[in-house]
Each structure stands twice: as C-alpha cells, then as structure tokens.
Amino acid sequence: MQHVSQVIETVTRKIFETMIPGDLKTVECLEDPAAGEPMSQRAEASSNGNGTHHQVSTRARWARELTAMVGLAGQRPGVLAIHCPRTSAGMMVRSMLGELEAELSPTELRDAMGEIANMIAGAVKLWHVGEGRECSLSIPTVVEGQDLEIEVLDARERLGTEFTFDGQPFKVELMMAEQAAHSQC
Amino acid sequence: MGFNILVVDDSAIMRKIIVKSLRQAGITLGEVHEASDGVEGLKQLSAHPIDLVLSDINMPNMDGLQFLRSVRDLKLSKSVPIVMVTTEAAEETTKEALAAGAMQCIKKPFTPEHIQDRLSFLWA
C-alpha cells in the first residue's frame, strides 16, 4: 500500500493530467519554505531534466490567499487543504474550464478550487478505505485571507506537497489526527 | 433531437464541465437542466421531460444517493437513467449506488472519453 503522501502526489498529477492541462511540477523544497508569508521574491527554480520536479530555495515565499478544504471524518479525522495565491487558482480554473481568457468571479474561483480539493480528498478517502478504515468527506469549504492557520486537534501527521502549475505555486496539505480511541481497527 | 439532461451537482463549475464533456464526447444534447442538490433535482425532474440524469453524490441538503432513491420512488421517473459522477468511488459506494438503481458511476476526474465509455448504454 502506498504512503498517503505518494497517494496525494499521484492523484494530484492524475487530476491535472485528466482535467487541468498544463505544466505541473512537484517542488522539492531545500528547507521548509514556511509558506504563508507574502511572496517577496520569486522562486529560484531549476529543472531536474525530466520536467516533473524542480527545486526552490528557502527564499521562495508566496501568499496563501485562498485555501480550499475538505474535512475527513472517521477513524482518522483530518483536513485536506489546497493553499495558493489567487493567480495560481485563476490559472488552474481557466485551464480546467478550457477557457484560458475567461473572466472568473470570486465565486467561480472558490467553487472550482473546492472541487479540486474534493477530488484529491476522494483519493485520500479511498486510501483510508483500502487500509480498512472508515472515512467520509465533508463538502468543500473555501476561505480567503493570508493570516489564517488550520489546525486539526491532536493532529499527528501533517504532510505537504508543493507544486507549480505553469510556474505558479500551490500546496496540497493533509493533516490527520491520531486514530480515534473508539476505532476498531 | 438530443438528450434532455439534468445535471445535479453542488458545484456550478462542475456542472459546466460535465455539460461541456458530454458535448465533447459527441453526445447531442437537447434541453440542459441543472440543480445544486437532490431537493432541487427532484423539482427539476418533476417539471421537465428528462432523458438522462448525471448526479454527484456528496452534496448538501439531499445527497446523491438519497436523490437516487427518491427518484426511483417517483412513478414517472422510475426508468430515467441516472449516472453518478463522483469522487466517492469507493467500491462500497459504487455498489450502493448501483443497487439503488444507478446505471453507471463515473469517477472524478474524468475525460470526455470516460464519459463516452460509461454512457455507451445510451446507444444500446
């Protein structure tokens, strides 16, 4: 069975390959980039040659202006979140719609980002089920603002994978609590 | 004459993508009706002649499985094909949907080719 971080990376790639055409790269952070601060400098990126990964220095900072979340309930409750600047969200959503020049309302942007989070969360649910754990998903919630923190109480695992889409950053994060005491697995 | 369809999904963007994908899959559409949850879906289904329903599962107010069961209880809509389009693709959920009367399940993410494949029963 794959580790959940691999599941997230694999399904994110699949979602983009299937429905959001563009150049998706996984970012290998040299150190934790501590995303959340306004971007002051562009990433110093270097391709690894195969076009799928590149590295950014710790100077890379970008604004988490939009966060789409799906809650996971069950034996390992948690939250799956996508964080990104609005520019990244706009590029992803336009590509998803196949309308690269589309004017998007804030509602459309939030709606689509919620759906992307929902598709990734669906794969995490399948992973839980495959591991013998019950899991159900909430409907997506999207929040805007830079100074927010998400905390899952008793979270024991916090996994994050950063990507760029056509050069614009976003991060997929999964926070999971300890297996609930009443669980039978 | 194309198929009159009803798309039930709480995401307006996803409804738009589903309709676009149906057209890209070569399916000729007649009237296109939309609903954001199962409750609204039932109203649309009672108000319009519908040839095909595509419904999400995870929705507020009335989810897709409740909607599916409610449709099957409506005498006039017993035979309308309903296809679930969902991220909830766990085998158990799929089995539950098929047992409740869904014709097919399409997993998100999908391509027009997936849709064409899953809706091949329309031409059978």
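Analyst: Helices (H or I, at least four residues) and strands (E, at least two) are DSSP runs, numbered from the N terminus. Read from the N terminus, the elements of chain A follow the order α-β-β-β-β-β-α-α-β-β-β-β, with 3 helices and 9 strands in chain A. This is a predicted model, in which local features need pLDDT of at least 70 and side-chain atom pairs count only at pLDDT 80 or more, while totals for chains, interfaces and linings use all residues. Residues are numbered from 1 along each chain as its sequence is written, chains are lettered from A and ligands numbered from 1 in the order in which they are written, and side-chain values use heavy atoms, with hydrogens and water left out.

User: How many residues of chain A and chain B are in contact?

Analyst: Contact means heavy atoms within 4.5 Å. By that criterion, 21 residues of chain A are in contact with 23 residues of chain B. Buried area is the accessible area (1.4 Å probe) that two parts lose on being put together, summed over both. Here the two chains bury about 1,900 Å² between them, and 62% of it is on carbon and sulfur atoms.

User: Which salt bridge joins Lys16(B) to chain A?

Analyst: Side chains of opposite charge can pair when their charged atoms come close. A salt bridge is a side-chain nitrogen of Lys or Arg within 4 Å of a carboxyl oxygen of Asp or Glu. Between chain A and chain B there are 2 salt bridges. In one of them, Lys16(B) meets Glu99(A) at 3.7 Å, N to O. On the side of chain A that touches chain B, helix H1 (4–19), helix H2 (86–97) and helix H3 (106–130) of chain A each supply at least two residues. H3(A) gives the most, with 9 residues.

User: Where are Glu65(A) and Arg86(A), and why does their pairing tie parts of the chain together?

Analyst: The side chains of Glu65(A) and Arg86(A) form a salt bridge at 3.9 Å, N to O. Glu65(A) lies in the loop between strand S3 (53–56) and strand S4 (66–74) of chain A, and Arg86(A) lies in helix H2 of chain A, so the pair ties together parts that are 21 residues apart in sequence.

User: Is Glu173(A) buried or exposed?

Analyst: Buried means under 20% relative accessible area, exposed over 50%, and partly exposed in between (1.4 Å probe, protein chains only). Glu173(A) has a relative accessible area of 4% and is therefore buried. This residue forms a salt bridge with Arg158(A), the closest N and O atoms being 2.9 Å apart. By contrast, Arg86(A) is partly exposed at 40%.

User: Which residues of helix H3 of chain B are buried, and why do they lie on the same side of H3(B)?

Analyst: An α-helix has 3.6 residues a turn, so residues three or four places apart point the same way. In helix H3 (residues 64–73) of chain B, the buried residues are Gly64(B), Leu65(B), Phe67(B), Leu68(B), Val71(B) and Arg72(B). They cover an arc of only 160° around the axis, which puts them on the same side of H3(B); the arc is that of the directions from the helix axis to the C-beta atoms. Their packing partners in chain B are strand S1 (3–8), helix H2 (38–47), strand S3 (52–55), strand S4 (82–86) and helix H4 (91–99).
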